[in-house]
Amino acid sequence: MRLQGKVALITGGASGIGLATVHKFVREGAQVVVADIDRERAEKVVAEIEGDGHPGAAAAVQVDVSVYSQVEAAVQRAVDVFGKLDVIFNNAGIAGGKALLDHDPAVDYEPMIRVDQDGVYYGILAAGRQFRAQGTGGVIISTSSIYGEQAAELAFTYSAAKAAVISFTRSAAYELAEYGIRAVAITPGRVGTPIINQFSEELRTTFASEQLRGKLTEPHEIADVVAFLASDEANVINGTVVHVDDGYSV
Ligand code: NAI
């Protein structure tokens, strides 16, 4: 129960890595706001948690992380329901992309930057302000990607946004340390979630072979690391990137 007494907001909490992290955090004793653009799935997750014998451990909120006022409202929901906020996991994201020279900026650049980059900035800003107001400190964990540190095919915009997540993390740790706030980025490799499952079987086999265990990472394996990073046991991990890529980047 390493997160006993903590309140966390998890964006993209209705699917994949976020969903696995919601369940892990609840098992570790946290109270969790499941924040997702998909209201129905977020509410379903909360109902499942209630049915699993954790009444009152989770609440749902619909949020589009690309809109600052909605991210602020999601933070406020955590405070209204659970009285405070201790952890934000900026994890909502979209993937995909085209070859650079085929880009229409309005389609292939701007929307992804709004979600994958601006959404993380908004989460850091809104949660940071809440942590400062509480005077309690806090933890900011954000999902980057292996592509945040390297170029890849059809990933021009995605790589840029995920690199920004790493930069935001460093700067946030630097600037917010005086308020007792910690910031960490994680870089997953190939995780078996709907983002990856949309690709062909052949491509998924290739993805798996690129990782040292020869298989896709399970979402719960990422969630285990996030729970540790959110806990006081990880107090010395700050302003850095934790590679959770199954050896992809060796
Ligand atoms: P997923 O598609 O299972 O989950 C993403 C969740 O984010 C969904 O529930 C979706 O509704 C939500 N979402 C999308 N746009 C949103 C918005 N504007 N506002 C609020 N919620 C929104 O995908 P997965 O794989 O769990 O992805 C989570 C994060 O991990 C993303 O940031 C992704 O870029 C990153 N990632 C995933 C990898 C993988 O192999 N699956 C590898 C590296 C990074």
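The 21 residues of α5 should span 30 Å at 1.5 Å a residue, and its end C-alpha atoms are 30 Å apart, which agrees. The expected span of a helix is 1.5 Å times one less than its number of residues. This is a predicted model, in which local features need pLDDT of at least 70 and side-chain atom pairs count only at pLDDT 80 or more, whereas totals for chains, interfaces and linings use all residues. Residues are numbered from 1 along each chain as its sequence is written.

Next, colour the buried residues of α5, among them Tyr158, Lys162, Val165, Phe168 and Leu176. A residue is buried if 20 or more other C-beta atoms lie within 10 Å of its own, exposed if 12 or fewer, and partly exposed in between, with C-beta atoms placed from the backbone. The cover over these buried residues includes α4, β5 and β6 (181-188).

Now move to the loop between β5 (138-143) and α5 (156-176), where Gly148 lies. Gly148 counts as buried, because it has 24 C-beta neighbours inside 10 Å. Apart from neighbours within four places in sequence, its contacts are Ser159, Lys162, Ala163, Val165, Ile166 and Thr187. Two residues are in contact if their C-beta atoms, placed from the backbone, lie within 7 Å.

Leu154 is found in the loop between β5 and α5. Leu154 is partly exposed, since 15 other C-beta atoms lie within 10 Å. Its phi is positive, about 55 degrees, although Leu154 is not a glycine. Most residues other than glycine have a negative phi. Asp246, in the segment after β7 (240-244), also is not a glycine and has a positive phi of about 55 degrees. Asp246 is buried, with 23 other C-beta atoms within 10 Å.

Arg213 counts as exposed because 10 other C-beta atoms lie within 10 Å. The C-alpha atoms of Arg213 and Ala74 are separated by 37 Å, and the two residues are 139 apart along the chain.

The largest nonpolar core has 70 residues, and Ala8, Leu9, Val32 and Val34 have the most contacts inside it. Such a core is a set of buried Ala, Val, Leu, Ile, Met, Phe, Trp, Tyr and Cys residues joined through C-beta atoms within 7 Å. Helix α4 (residues 105-134) gives the most to this core, with 7 residues. Beyond four places in sequence, the contacts of Leu9 include Val33, Ala74, Ile88 and Ala127.

Then display the ligand. Of the 29 residues around the ligand, Gly12, Ser15, Gly16, Gly93 and Thr193 come nearest; a residue is near a molecule if its C-beta atom, placed from the backbone, lies within 6 Å of it. Both α1 (16-27) and α6 (194-197) supply at least two residues of this shell.

Finally, show the whole chain, with its 8 helices and 7 strands. The C-alpha trace spans about 50 × 40 × 35 Å along its principal axes. Of the 250 residues, 46% count as buried.

Methods. Helix = DSSP H or I, 4+ residues; strand = E, 2+ residues; numbered from the N terminus.
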